[in-house]
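This report describes a single protein chain for readers who work with structural models. Please examine the sequence and the structure before reading on.

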Amino acid sequence: MNVPVNFRSIAIATEFQSCFDKQRAAYLAAPEPSYAQRKADLKALAQLLKDNKDELVAAINADYGNRSEFETLFAEYFVVLETIADAAKNLKKWMKPQRRHVDFMTYPLARNRVIPQPLGVVGVIVPWNFPLNLSFCPLAAILAAGNRAMVKMSENSKALAQVLMRVSPKYFPIEKLAFFEDGGGRGPGFSSLPFDHLLFTGSGATGRSVMANAARNLTPVTLELGGKAPAIVGPDFPVKTAAERILWVKMFNAGQICTNVDYMFLPKGSEDEFVRHCRRLFADRFPDINGQDYTSIIDERSFARLQATLEDARTKGAVLINLAEQQEPDAKRRKFAPHLVLNPTEDMIVMQREIFGPILPIKTYADRQEVADYINSHDRPLAIYPFTHNAELRDFYISRVMSGGVSVNEALLHVGQHDLPFGGVGASGMGHYHAREGFNTFSKLRPVFYQGPLSPIQMLFQPPYSGRPISILRTMIKWKT
């Protein structure tokens, strides 16, 4: 029986609201979990992963059609376990109230503290490209900060969502943590809940809608978006090494990474050498594009979008280099042949939109300022990747080109550093998580002033202010100037 859309929407909203109400009530009943409770929550989060590893990996593979087991274990499972362990290791330090300075002359014997306290109920909206990483890494910070969480998975992560919805109650009550699947217009209903904080990872267009829904409740948001992150190969850097490192990142997850190299700059005249190395590297690393090591494109719509992007570049004059030209990719399994795009121009889709696939446009340059001016004339990227051994050139790009993060002589790996915050800037996002910044994002850093045994302000500054109060104040101002 087909359920009318309006009734389905009401049922979805009721499901979300019911869970939210339970979590809010549980928060109000116990608003500040102890260190021991938070440590136990982190242990349970890790145990969920350890007990269900094979099923979680299989579910992600099923959602993709084919997802490299190594990529799932390395970029998701291993990274998440490290993140949880890092949060548990540093939890006591993060929870400790911070001492802040007091002006002794004005407030003698008083104290200032900043106390990190849980916000309450946090919402997490998860994309499909790294669904385990981008749900459990935030959860490590959310639970460490003492919150409760509702997590909505992507419509392209149906199998994984079903596993998480089934196994999560064995480790956490719904009042602490709940997972939800997507589909049927569930997104707006979720982002419209009056969360105490909302984390969204995904496209800029959807991020704007999420932020608009959250704004109705004045819910603060952390948006992790994407954009066109460039790699810049300096004239001093070996082209062979650049090709090895950039191609590894570009092929990882078939390029479906928000912090991937979206396009790159090469010194003029080095294009042929770079192409030659890429041909050799791909043939060595992926002798069978239809094998298990090369991940599928997530769905037919994305596959068709990548095909259209290549065709648009071809018709507008780009030179396309198929790195798998001796192989026949299986279109039914959405195996997309990786391509280099030479001579890209601004009117091509490949230079206008985030690619999110194994297509790499290559621009050439003669002067570093030319590179900086080009990047700065577009939206601020989520990352930049300068490749150079020249410290002055490296620092030029870091200081002149703003981005969410930077990896030097590498791409992507800054995201995996547990003591570095992760986040975008401008069109690539706002806010940070990971490390202490993640704990702070999901905490209220509450300022508290403790008055001493005496209150000089009360003793000296009572009205009428003419006479002694104004005289004392003028003297204090003189001391400060």
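## Overall architecture

The model is predicted. Its protein chain contains 16 helices and 16 strands. Along the principal axes, the C-alpha atoms of the chain fill a box of roughly 90 × 65 × 40 Å. The chain has 481 residues, of which 52% count as buried.

## The second largest pocket

The volume of the second largest pocket is about 560 Å³. Its lining is made up of 32 residues, and those closest to the centre of the pocket are A75, V79, N133, V415 and G416. Two elements, α4 (69-95) and α5 (133-144), each give two or more residues to this lining. The greatest contribution is that of α4, which supplies nine residues.

By class, the lining holds 22 nonpolar residues, eight polar residues and two charged residues.

## Aromatic pairs

Across the whole structure, a search finds 25 aromatic pairs. One of these is formed by Y107 and F449: the ring centres are 5.7 Å apart and the planes stand at 70 degrees, which exceeds the 60-degree cut-off, so the pair is edge-to-face. This pair links distant parts of the chain, since Y107 belongs to the loop between β1 (98-100) and β2 (111-118), F449 belongs to strand β16 (residues 443-450), and 342 residues separate them. Both partners are partly exposed, Y107 with a relative accessible area of 33% and F449 with one of 41%.

A second pair, F190 with F195, is tilted, with 5.1 Å from centre to centre and 45 degrees between the planes. Are these two residues buried or exposed? F190 counts as buried because its relative accessibility is 0%, under the 20% cut-off. F195 also counts as buried, at 3% relative accessibility. Together with F16, F20 and F180, the residues F190 and F195 form one aromatic cluster.

## Charges over rings

Which ring does R111 lie over? R111 is placed over the face of Y450, at 4.2 Å from the ring centre. In another such contact, K363 has its charged end over the ring of Y374, and the distance to the centre of that ring is 4.6 Å.

Q462 is found in the loop between α15 (456-460) and α16 (468-480). With a relative accessibility of 42%, Q462 counts as partly exposed, because this value falls between the cut-offs of 20% and 50%. Q462 and D312 are 150 residues apart along the chain, and their C-alpha atoms are separated by 75 Å.

A318 occupies the loop between α11 (300-315) and β10 (319-322). Its relative accessibility is 10%, so A318 counts as buried. From A318 to Q117 the separation is 201 residues in sequence and 55 Å in space, C-alpha to C-alpha.

Methods:
Residues numbered from 1 in each chain as written. Predicted model: local features only at pLDDT ≥ 70, side-chain atom pairs only at ≥ 80, totals over all residues. Heavy atoms only, no water. 1 Å grid on protein atoms, 1.4 Å probe; cavity = no way out; pocket = protein on both sides within 12 Å on 5 of 7 lines; lining within 4 Å. Points joined across faces, edges and corners; volume = space filled by probe spheres on them. Helix = DSSP H or I, 4+ residues; strand = E, 2+ residues; numbered from the N terminus. Nonpolar A, V, L, I, M, F, W, Y, C, P; charged D, E, K, R; others polar. Phe/Tyr/Trp six-rings, centres within 6.5 Å; stacked < 30°, edge-to-face > 60°. Buried < 20%, exposed > 50% of the residue type's maximum accessible area, 1.4 Å probe, protein only. Lys NZ or Arg CZ within 6 Å of the ring centre and 35° of its normal.
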